[in-house]
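I opened this structure to look up two things.

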Amino acid sequence: MVSIQRVTAQDLLDVQTANLCCLPEIYHFSYYLLHLNLWPHISHCAKDQVTGKIVGYVLAKMEDTNLSPGDVKHGHITSLAVMNSYRKLGLATKLMKAAERAMVEIYDARYVSLHVRRTNRAALHLYSETLGFYIAETEEGYYADGEDAHSMKKDLLHLRKELRPESVAKDEKEQSQKGAAAGRAGRGTTTRGRGAAGRGAGRGAGRGGNAPQQQQQQQAPAKSEATSTTNATPSTGNNNNSTQTTTPASGSGGGGKKKKG
């Protein structure tokens, strides 16, 4: 029988031995101690209850400081391994789920990430098909031997709803408030834009409204000049010799030419 349990200081040498037996990536013993000291709750091991031997492990940590802009605190799987003779028993899945649960329950992780070799098809199948990870990006030359790595992620919202519902509700409330604030800011910008357009139209209409008055003022002297010229024309003369006529007589409307003042 194999049980899943948290890694303790007494387990670290056996965990390191499992790492050396299973993976090309090896770590100094101090690196295991660092994980245990800083994040003592999320690394787990699979222990054979009959022999007392550790036959698998997951080494994990939290990423909650020095985050890139837009990122949130999350867990990261440093290493996962199961001894050859204990594979096909679902131990890797159990180890991963135990680590994910601890990340959420204790640290409220938003998601979990990991790296996997592009050529490790068995691991890729486990992460993508069984555990629900997706490839976020591919990092060239990630490993010491130059092989590329797939950077994979998995959202932990389903666990957060189960284990940290108050935190999920808080996040949803904050997102709603941000959305409402953005909506108000957008409406305010639109209103200011319409107001400016209205003021511009008002000024344009004001200038346009003064134009007929100016034209009338310019035309008024012309009418006065026309009247005086017409009055000066002898009543006995021929109207065709007049340079200015008043309102045309009944008949054709185009009989006279109007002189510009």
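**Entry 1: the pocket**

I found 36 residues lining the largest pocket, with Leu23, Leu80, Asn120, Ala123 and Tyr127 nearest its centre. Elements giving two or more residues to this lining are β4 (74-82), α3 (91-107), β5 (111-117) and α4 (121-130). β4 gives the most, with seven residues. I noted that helices (H or I, at least four residues) and strands (E, at least two) are DSSP runs numbered from the N terminus.

The model is predicted: local features need pLDDT of at least 70 and side-chain atom pairs 80 or more, while totals for chains, interfaces and linings use all residues. Residues are numbered from 1 along each chain as its sequence is written, and side-chain values use heavy atoms, without hydrogens and water.

A pocket here is an open set of points on a 1 Å grid over the protein atoms alone, where a 1.4 Å probe fits, with protein on both sides within 12 Å along at least five of seven lines; lining residues have an atom within 4 Å of a point.

**Entry 2: strand β2**

Which strands pair with β2 (at least two DSSP bridges)? β1 (residues 2-6) joins β2 antiparallel through five bridges, and Gln5 stands opposite Cys45. β3 (residues 54-63) is also antiparallel to β2, over four bridges, with Ile54 as the partner of Lys47. I logged β2 and β3 as a hairpin with five residues between them. Gly52 in the turn has a positive phi of about 75°.

Conventions:
Two strands pair if DSSP finds at least two bridges between them.
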